[in-house]
Amino acid sequence: MAPNDSAETNGTAARGSAGRRKAARYIVPVAVAGVAAATIGLVPALASSGDPDLPKITAQELIEKIAASDTQQFSGTVKISTDLGIPSIGGLAGSLLPDAGGKDASGADPEARLTELVSGTHTLRVAADGPGKQRLSVLDKASEYSLIHNGDQVWAYDSASNEAYHADTKDKQDKSTRGKDKALPEGVPTTPKALAEQALKAADGNTSVAVDGTARVAGRDAYRLVLKPEQGGSTIGSITVAVDAENGVPLKFTLRPSSGGKAAVDAGFTSVDFKKPAASSFTFTPPKGAKVTEADEAEQAAGGHEKEARKAIEQAKGDLGAFEGVNVIGEGWNSIAEIKTPGGAALPSEASGDVPAEALQFLDALGDKVTGKFGSGTVFKTRLVNALMTDDGRVYVGAVTKDALVEAANNAG
């Protein structure tokens, strides 16, 4: 292992690109969701041939190298998986979407299919040629799902069902960005770079940032950048980013919980090529016999179903408006969002008679009952994100321990 500088910073390196990274207290759910709940990672199968001997580099210089990287052309394979301590979502999330169940719903619709990446283990083939051309293929044992973005054309194809989905985003930016969003879905990072950028946004004055040696990832020499919360009480133990020594592209991302055990999020290239991908990578013609669903036609055919879905969304927005806002307690990795529910609504109880006793038993099994100065409530836990729901209708959520949530509720008054 090369004797790299492992000089820790007290947030100095992280603040070196302040324009890119705001204090985490302003983005608690965003940072947590991006780096934890909506993150995807991998069980690594990365080539290793010993740690390379590379020139020394400081944490500040390495962060600047990532920020300055303008690599927009690459192709390769990424293995990803997430272990948040919650059941695999599979296709469940898709069934909860407003359009799910419509007679013209497509099994290839990216909105439904890409949500499957938030849990479990997956192998992806990825390619990009600038902001206008990307391809993402999710490989299964006997099938493949592909999403192709080429200019204003978006195609998705599921080989298992022989269904295709097509959206033409030309001249629709003022009317709808739906097709564009599906070309580059937000909240579902599919490369180590996307995950690393979200992690760096959360780095602030309460973060130790250091270069911890070198690594060999997907046949490339890389530096290891390690971020660690300096505060106690965070469920995040460390984040390690393997950064390509030549071009500054993150090649591997690993998030380990403070509770120990295997990585909760681990994403990395198993192979990567930074040459311009072949133009054929971004072209698609539906196979013979494939069922093709056009985005516009599907929306029109949905008719009343679509209207009802939109009405439900507007109603939900109105309900959210009844919340008394979000109060952020603490700073950095220990930030906790306090939310007061409308009318002090709380979890159903046996006394309320709102739900059967069996359902209450199941609900209780998912969380831990807690008490304190705030009263009583239930803490629901994953390996990274925990939430306290009090009996008087308050919610405290963050990437912090149960004790930290209870302390926040006690101090909130």
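## The side chains of Ser 146 and Glu 144 are joined by a polar contact of 3.1 Å. A polar contact here is a pair of N or O atoms within 3.5 Å; within protein, one must be able to donate a hydrogen and the other to accept it, and residues adjacent in sequence count only if both atoms are side-chain atoms. Please keep in mind that this is a predicted model, in which local features need pLDDT of at least 70 and side-chain atom pairs count only at pLDDT 80 or more, while totals for chains, interfaces and linings use all residues. Residues are numbered from 1 along each chain as its sequence is written, and side-chain values use heavy atoms, with hydrogens and water left out.

**View 1. Ser 146 sits in strand S5, residues 144-150.** Strands (E, at least two residues) and helices (H or I, at least four) are DSSP runs, numbered from the N terminus. With a relative accessible area of 5%, Ser 146 is buried; buried means under 20%, exposed over 50% and partly exposed in between (1.4 Å probe, protein chains only). Leaving aside residues up to four places away in sequence, Ser 146 touches Arg 135, Leu 136, Ser 137, Trp 155, Ala 156 and Tyr 157, where contact means heavy atoms within 4.5 Å.

**View 2. Arg 383 and Asp 83 meet through their side chains in a salt bridge (3.4 Å, N to O).** Arg 383 lies in the loop between strands S17 (375-381) and S18 (386-390), and Asp 83 in the loop between strand S2 (73-82) and helix H3 (92-95), so the pair ties together parts that are 300 residues apart in sequence. A salt bridge is a side-chain nitrogen of Lys or Arg within 4 Å of a carboxyl oxygen of Asp or Glu. Arg 383 is buried at 18% relative accessible area, whereas Asp 83, at 24%, counts as partly exposed. A network of salt bridges links Asp 83, Lys 262 and Arg 383.

**View 3. A salt bridge of 3.2 Å (N to O) brings together the side chains of Arg 220 and Glu 246.** This pair links distant parts of the chain, 26 residues apart: Arg 220 is in strand S9 (residues 220-229), and Glu 246 is in the loop between strands S10 (236-244) and S11 (250-257). Glu 246 is exposed, with a relative accessible area of 63%.

**View 4. Lys 252 and Asp 266 form a side-chain salt bridge (3.1 Å, N to O).** Lys 252 belongs to strand S11 and Asp 266 to strand S12 (residues 265-273), 14 residues apart. Both Lys 252 and Asp 266 are buried. To set these views in context, the whole structure holds 13 salt bridges.
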